[in-house]
Amino acid sequence: MHPIPIALALLALAAGQACAADTIQTIPAGARLAATCTGCHGSNGVTAGTALPSLAGQTRENLLASLQAFKSGARPATIMAQITKGYSDEQLSQLAAYFSTQKAPNAGERP
């Protein structure tokens with residue numbers, strides 16, 4: 001195999017990885033972490049139905065207090081206690097900050 005096509009392929013691969021890394025760095029940490037919440041709490045924290053609360057638009061302080069209470073066990077839960085234990089306090093703060101800036105659903109607007 002000729003060395004020039006191999007070098008070009010390696011350059012293209014490196015450029016693609018650099019582009020992906022730049023994209024990841026431009027997405028706020030809270031938004032990256034929030035992607036794991038969408039299965040239950042919906043896209044951008046707007047929950048479909050009424051079984052679970054929408055996170056969007058709640059105050060940062062209330063969200064953070066709830067997350068910390070789940071993590072410590074002070075607030076009983078089935079899955080949230082397990083999930084929050086996997087996050088650092090800084091990550092919980094980033095999640096609370098992210099969801100507090102999302103648009104809260106109006107009555108009847110839920111997906």
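I looked up the largest pocket first: 25 residues line it, and His41, Leu55, Leu67, Phe70 and Met80 are the ones nearest its centre. I am working with a predicted model, in which local features need pLDDT of at least 70 and side-chain atom pairs count only at pLDDT 80 or more, while totals for chains, interfaces and linings use all residues. Residues are numbered from 1 along each chain as its sequence is written, and side-chain values use heavy atoms, with hydrogens and water left out.

For the pocket I used an open set of points on a 1 Å grid over the protein atoms alone, where a 1.4 Å probe fits and protein lies on both sides within 12 Å along at least five of seven lines, with lining residues having an atom within 4 Å of a point. I noted a volume of about 540 Å³, taken as the space filled by probe spheres set on the points, which are joined across faces, edges and corners. At least two lining residues come from each of H3 (38–41), H4 (60–72), H5 (80–84) and H6 (89–100), helices being DSSP runs of H or I with at least four residues.

I then turned to H4 and H6, whose axes lie 8 Å apart at an angle of about 140°; axes are lines fitted to C-alpha atoms over the stretch in contact, and angles run from 0 to 180 degrees between N-to-C directions.

Last, I checked Ser93, which sits in helix H6 and, beyond its neighbours within four places in sequence, is in contact (heavy atoms within 4.5 Å) with Arg60 and Leu64. The side chains of Ser93 and Arg60 form a polar contact at 2.5 Å, that is, a pair of N or O atoms within 3.5 Å, one able to donate a hydrogen and the other to accept it, where residues adjacent in sequence count only if both atoms are side-chain atoms.
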